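Have a look at the fold before reading on.

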Amino acid sequence: MIRRTLLAALASLGLAGAAEAQNLRIGLREDPDILDPTLARTFVGRIVFAALCDKLFDINEKLEIVPQLATGHVWEDPKTLRITLREGVRFHDGEPMDAEAVRYSLNRHLTLQGSFRRSEIGIAEAIEVVDPLTIRIRLREASAPFLSQLTDRAGMIVSPKAAEAAGRNFGNAPVCAGPYRLVERVAQDRIVVERFPGYWDAGRIQIQRITYLPIPDNTVRLANLQSGALEMVQTIEPDDAKSLQRNSRLKVVSYDELGYQSIALNIGNGPRANTALARDPRIRAAFELAIDRQAVNQVVYEGTYTPTAQPVPPENPYHAPGFVPEARDVARARALLREAGVTGPVPVEMTVPNNPDLRQAAEVIQAMVQEAGFALKLNAMEFASSLQSANRGDFETYLTAWSGRVDPDGNTWTFLHSQGGQNDGKYSNPEVDRLLDQARAETDVAARRALYAKVFEIALRRDRSRIYLWHRKNIVAHTARLSGFVPIADGLIRPQGLRLN
């Protein structure tokens, strides 16, 4: 960590005057995984993609879906979506961003081995080029959330020429149609992007270069911001916000996010699912009943976050108001373990991303579940590596977060459906699958909310397939010299409009 601080400080000394004003240095919580929108999973990667890869649509601060590479859309019927595209858009390699490129990119999301986008837009059965600036997408059935999926990585359009040339190495040198192009990436150290002069909305891009610096340690990240070695940090912890707010050279912006913190449970993914916890929902129920969400929130986050038992935040119209966390009940947890035939401490391993606040939260949970009869071992890992381990089933439980999506399908289907791309624990229940598929096709808000409530009762309360802990806040801090940052609940740092004075 000392080396990281020195590197950032030396970087700041190497810039001066007007040149410094053209370089925005952003501290990230982790190092992103692969920079390929089809294969990527990390939230911090989405922050970098906001500079590299424009999407067909985006969301604004009111959580409305707005055009980006698209100019508009029309539902020709409930299963047929027509999208019109911007004229004159170019990829970083100079190739045109047209309907054929959109067709190629969507099909790549659907067919590339290992794609995490397939479960997001897999309902698409045909993508047709109508003319150079019009694409038609035919769905197998009506889908309420489909358009919202195109506001994130599933809607990112890549250069067909570059993608074909690079194959599965495309993430090493992604070529998209965003405001910046990739210059350099040094794993665990920095990602550097430079302003793309051919960007279609170039008038809104004022900063010449952005350097993303992964700094997992909150204290080091904060010290770099306070010293001027960073102009912005992606996130700070709630207990740091008050001290920063007293610093006139800095600004702190706090706002609700769309996602959640949870514990994924390996129920059926490979040999590591051969545990008592995986085999018996009573043991999983005991584990959850031993956790006091509000106490963890108070100890680690000063009570800033909102405890939850479901993936849909309270502000969302699809939130199930009656599905709330159960109170901690150690006696009932012990009784469930006896009922399951457990005679000694239940060994459980929890994978934890290697940053201080999550390690602390895991340590509090470790002490809580010990009282109920669990011997919880913590396994701290670098975040991108932990995602890879989870995907291949090399975990028992996993303390992980999801940044959230504007439509509830993006917080549920991919994690709870048996075919979900991020269902790392391989939970499978045909009734839950049916309800999630039905919710995708339902357009009435009340009816859809009721379907999600049924999903939660079965998948979370009866089957105990996953443990949702709390909804977080995005807390961003930056130099007062930076203007134009627009806080949006997805937590992304969009470069459009940013300016360093």
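A crossing counts as left-handed if the near helix is turned anticlockwise from the far one by less than a right angle, and right-handed if clockwise. The crossing of H17 and H18 is left-handed. This is a predicted model, where local features need pLDDT of at least 70, side-chain atom pairs count only at pLDDT 80 or more, and totals for chains, interfaces and linings use all residues. Residues are numbered from 1 along each chain as its sequence is written, and side-chain values use heavy atoms, with hydrogens and water left out.

Helices (H or I, at least four residues) and strands (E, at least two) are DSSP runs, numbered from the N terminus. H17 (residues 430-441) and H18 (residues 445-462) pack at about 160°, axes 9 Å apart. That makes H17 roughly antiparallel to H18, a label for angles over 145 degrees.

Now the sheets. Two strands pair if DSSP finds at least two bridges between them.

| Pair | Bridges | Facing residues |
|---|---|---|
| S13 (residues 260-265) and S17 (residues 397-402) | six bridges | Ile-263 and Leu-399 |
| S11 (residues 232-233) and S19 (residues 473-479) | two bridges | Met-232 and His-478 |

Definitions and conventions
Axes fitted to C-alpha atoms, helices over the stretch in contact; angles between N-to-C directions. Parallel < 35°, antiparallel > 145°, perpendicular 65-115°, else oblique.
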